Amino acid sequence: MREIFTEIFENQPLDPMESARRGGRPSLRKRFYERAHVVETDAGGGAQVLLDGKPVKTPARQALAAPTRQLADAIAAEWDAQKDVIDPASMPLTRLANAAIDGVRNARAPVAEEIANYFGTDLLCYRAGAPAALVNMQSAAWDPVLAWVREQFGARFVLVQGVVHVPQPREAIDAMRAAIPEDAWRLAAVSSITTLTGSALLALAVAYDAIEPGAAWDAAHVDEDWQMSQWGKDDLALERRAFREAEFRAAVTVLRHTR
């Protein structure tokens, strides 16, 4: 069974663009189970995912178990949604669960530090000088998050015009570092959102319910949307964004069910 899960989740390119670069669609394993369901565990209201009554294992042979029944149900739903084959690209929540269990759980400090590194060059701090319409779009999407950061944590970040790096105040970075969650599942979700959006501040705003997830996702793509409004849609970029948004939504699901 371990070899099956290793094959499914470790040896396939997930990004559609990466799959194309490797020469077409990945080889997908046929669905080998009738149904996915969950059973509650003894500790803390969590639950484990089963396939036909057999425990699902992560690639590192850990039990695929979530800290809440709602989250386990959402993971099981991904398995039930698979049709003739198992496509890991359509299972972002399971992949994030694997990462939380196999990776983040035993490496919380390094993962938190990776998130903290974004504070020094956060997307929300680097602004366009022109045109005025783009400047206004950035301000409308990003200023409320920075205002929340100031009010909630006393962290004041420096806004930069252009892309030349300007150091951020150490006090602001330290204040936001302390806000990074310690729980492995929430930490994995915040790490994922940070990477997907380029902004640890946006990720924490989502984690603390300071911004609606949809608004956060839109805020992360202000520049890209502006470019497409001027030069036309980029279908490949939109396809890749859709794939990344599914990753984002999986992280949001983890945050929602681990409050």
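This is a predicted model: local features need pLDDT of at least 70, side-chain atom pairs count only at pLDDT 80 or more; totals for chains, interfaces and linings use all residues.

Trainee: Is I86 buried or exposed?

Mentor: Relative accessibility decides that, and buried means under 20%. I86 has a relative accessibility of 1%, so I86 counts as buried. Now look along the chain and across space. I86 and L28 are 58 residues apart in sequence, yet their C-alpha atoms are 6.1 Å apart.

Trainee: What follows strand β6, and where does D87 lie?

Mentor: D87 lies in the loop between β6 (85–86) and α4. D87 has a relative accessible area of 23%, so D87 is partly exposed. Leaving out residues up to four places away in sequence, D87 touches L28 and Q82.

Trainee: Let us step back to the whole chain. How many helices and strands does the chain have?

Mentor: Twelve helices and eight strands. Burial can be read for the whole chain too: of its 259 residues, 46% count as buried.

Trainee: And what share of contacts join residues at least 24 apart?

Mentor: Take contacts between residues at least 6 apart in sequence. Of these, 64% join residues at least 24 apart. H257 gives one example to inspect. The C-alpha atoms of H257 and T68 are 6.7 Å apart, although the two residues are 189 apart along the chain.

Trainee: Where is H257, and which residues does H257 touch?

Mentor: H257 is in the segment after α12. With residues up to four places away in sequence left out, H257 touches T68, Q70 and L71. H257 is partly exposed, because its relative accessibility is 22%.

Trainee: Next, helix packing. At what angle do α6 and α9 pack?

Mentor: Read the angle and the axis distance together. Helix α6 (residues 132–153) and helix α9 (residues 200–207) pack at about 70°, and their axes are 10 Å apart. That angle makes α6 roughly perpendicular to α9. On the α6 side, the contact is made by V145, L146, W148 and V149. On the α9 side, L201, L202, L204 and A205 take part.

Trainee: What classes of residue make up the contact of α6 with α9?

Mentor: Eight nonpolar residues, no polar ones and no charged ones.

Trainee: Now backbone geometry. Which residues have a positive phi without being glycine?

Mentor: Look at D209 and R61. D209 has a phi of about 60° and is found in the loop between α9 and α10 (213–220). R61 has a phi near 70°. R61 lies in the loop between β4 (54–55) and β5 (65–66). R61 is exposed, because its relative accessible area is 55%.

Trainee: And the peptide bond from A130 to P131: cis or trans?

Mentor: Check omega. The bond from A130 to P131 has omega near -5°, and it is cis. P131 lies in the loop between β7 (126–127) and α6.

Trainee: Last topic: pockets. How is empty space found?

Mentor: Rolling a probe the size of a water molecule over the atoms shows where empty space is left. Here, the largest pocket holds about 330 Å³ of space.

Trainee: How many residues line the largest pocket, and which lie nearest its centre?

Mentor: The lining has 18 residues, and R95, L96, N98, A99 and S192 lie nearest the centre. Divide the lining by class next: nine residues are nonpolar, five polar and four charged.

Trainee: Which helices supply the lining?

Mentor: α4 (92–102), α5 (108–117), α8 (184–197) and α12 (235–256) each supply at least two residues. The largest share comes from α4, with six residues.

Notes
Residues are numbered from 1 along each chain as its sequence is written. Side-chain values use heavy atoms; hydrogens and water are left out. Axes are lines fitted to C-alpha atoms, for helices over the stretch in contact, and angles run from 0 to 180 degrees between N-to-C directions. Helices (H or I, at least four residues) and strands (E, at least two) are DSSP runs, numbered from the N terminus. Angles under 35 degrees count as roughly parallel, over 145 as roughly antiparallel, 65 to 115 as roughly perpendicular and the rest as oblique. Contact means heavy atoms within 4.5 Å. Ala, Val, Leu, Ile, Met, Phe, Trp, Tyr, Cys and Pro count as nonpolar, Asp, Glu, Lys and Arg as charged, and the others, Gly among them, as polar. On a 1 Å grid over the protein atoms alone, a cavity is a set of points where a 1.4 Å probe fits but cannot get out, and a pocket is an open set with protein on both sides within 12 Å along at least five of seven lines; lining residues have an atom within 4 Å of a point. Grid points are joined across faces, edges and corners, and a volume is the space filled by probe spheres set on the points. Buried means under 20% relative accessible area, exposed over 50%, partly exposed in between (1.4 Å probe, protein chains only).
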